[in-house]
Amino acid sequence: MSTKMSYLTTCLLFFLLAFVTYTNASGVFEVHNNCPYTVWAAATPIGGGRRLERGQSWWFWAPPGTKMARIWGRTNCNFDGAGRGGCQTGDCGGVLDCKGWGKPPNTLAEYALNQFGNLDFWDISVIDGFNIPMSFGPTKPGPGKCHGIQCTANINGECPGSLRVPGGCNNPCTTFGGQQYCCNHGPCGPTELSRFFKQRCPDAYSYPQDDPTSTFTCQSWTTDYKIMFCPYGSTHNETTNFPLEMPTSTLEVA
């Protein structure tokens, strides 16, 4: 075998090994848009951003040890060919490819992989308010709190007047600030306004110290995850059943 052929063979084997490792590794996230409108998905610190029409999915891999990670949807965006512009909700500094967190209100999927006890920690949060219905869960559910969750109530339609903004519903911390709503230091409890969110989305974080009912875990390395915007195909759904199947998607890989 010639030196050139040996080199090409080595490169091919390396590529195949990398491909198999990627496709079989946990920590792959699918972000799927099932809304009847365009959503500009965002993810940090891994991912960036992607425009998703209805039925499209965006896939990316987050390595073990990734933490303080967020995935969210942006609405009513307009970007130029260079990826500069802005969004009505969830904007991340006027760019398509997000490097920082989004501007409230935005429904959040949060996660940290391979943390204490070899666990993945993840949740849905409305601490930054609500703009799009969302479901979030492992592709291979496990025991305990390793199962799908959702926040799909009609929060935008029922939002209290003091929290209502164009395109979404702000959390009281964003609107009023202060220890009572933001838990800046020391212990704090739920408020009447945080209960508005909790009653409609009991699995979601409604204020910063809402951990006992809002943090979910799966054993690291055992599953991938999927996030779906508008899991029931409309702007909200009053039922509490987690959808069992993903709609047929158009695949987009990061």
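1. A charge sits over a ring if NZ of Lys or CZ of Arg is within 6 Å of the ring centre and within 35 degrees of the ring normal. With that in hand, look at Lys145, which lies over the face of Phe216 at 4.6 Å from the ring centre. Please keep in mind as you read that this is a predicted model.

2. The charged end of Arg70 sits over the ring of Trp101, 3.5 Å from its centre. Arg70 also forms a salt bridge with Asp128, at 3.1 Å from N to O. The pair ties together parts that are 58 residues apart in sequence, because Arg70 belongs to strand S5 (residues 69-79) while Asp128 lies in the loop between strand S8 (119-125) and strand S9 (134-138). Arg70 and Asp128 are both buried.

3. How many salt bridges are there in the model? The count comes to 6. One of them joins Lys99 and Asp97, at 3.2 Å from N to O. Lys99 is exposed, with a relative accessible area of 68%, whereas Asp97 is partly exposed at 36%. Elsewhere, salt bridges that share partners join Arg70, Glu110 and Asp128 into one network.

4. Another salt bridge links the side chains of Arg51 and Glu53, at 2.7 Å from N to O. Is this pair buried, partly exposed or exposed? Arg51 has a relative accessibility of 44% and so counts as partly exposed. Glu53, at 30%, is also in the partly exposed class.

5. Strand S5 deserves a close look. Of its 11 residues, 9 are buried, so the strand is largely enclosed by the rest of the structure. S5 pairs with strand S2 (residues 39-44) in the antiparallel sense over 5 bridges, and Ile71 in S5 stands opposite Ala43. S5 also runs antiparallel to strand S7 (residues 108-115), with 4 bridges joining them. Here Trp72 has Leu108 of S7 as its bridge partner.

6. Strand S6 (residues 85-89) is joined to S5 by 4 bridges, and the two run antiparallel. In their hairpin there are 5 residues between the strands, and Gly83 takes a positive phi near 80 degrees.

7. Leaving out residues up to four places away in sequence, Ile155 touches Phe130, Cys169, Phe196, Phe197, Arg200 and Cys201.

8. The model holds 10 aromatic pairs. In one of them, the rings of Phe29 and Phe60 have centres 5.7 Å apart and planes at 15 degrees, so the pair is stacked. Phe29 lies in strand S1 (residues 28-33) and Phe60 in strand S4 (residues 56-61), so the pair ties together parts that are 31 residues apart in sequence. Phe29 is buried with a relative accessible area of 0%, and Phe60 is buried with 3%.

9. A second aromatic pair, Phe176 with Tyr181, is tilted, at 5.6 Å centre to centre and 35 degrees between the planes. Phe176 is partly exposed, with a relative accessible area of 44%. For Tyr181 the value is 19%, and since buried means under 20%, Tyr181 counts as buried.

10. Ring pairs link Phe29, Trp58, Phe60, Tyr111, Trp122, Phe136, Phe216 and Tyr225 into a cluster.

11. Where is Asn170 found? Asn170 is in the loop between strand S12 (168-169) and helix H3 (172-176). Asn170 is buried, with a relative accessible area of 9%. Setting aside neighbours within four places in sequence, Asn170 is in contact with Pro104, Pro105, Gly129, Leu163, Val165, Thr175 and Phe197.

Terms used
Residues numbered from 1 in each chain as written. Predicted model: local features only at pLDDT ≥ 70, side-chain atom pairs only at ≥ 80, totals over all residues. Heavy atoms only, no water. Salt bridge = Lys/Arg side-chain N within 4 Å of Asp/Glu carboxyl O. Buried < 20%, exposed > 50% of the residue type's maximum accessible area, 1.4 Å probe, protein only. Pairing = 2+ DSSP bridges. Contact = heavy atoms within 4.5 Å. Phe/Tyr/Trp six-rings, centres within 6.5 Å; stacked < 30°, edge-to-face > 60°.
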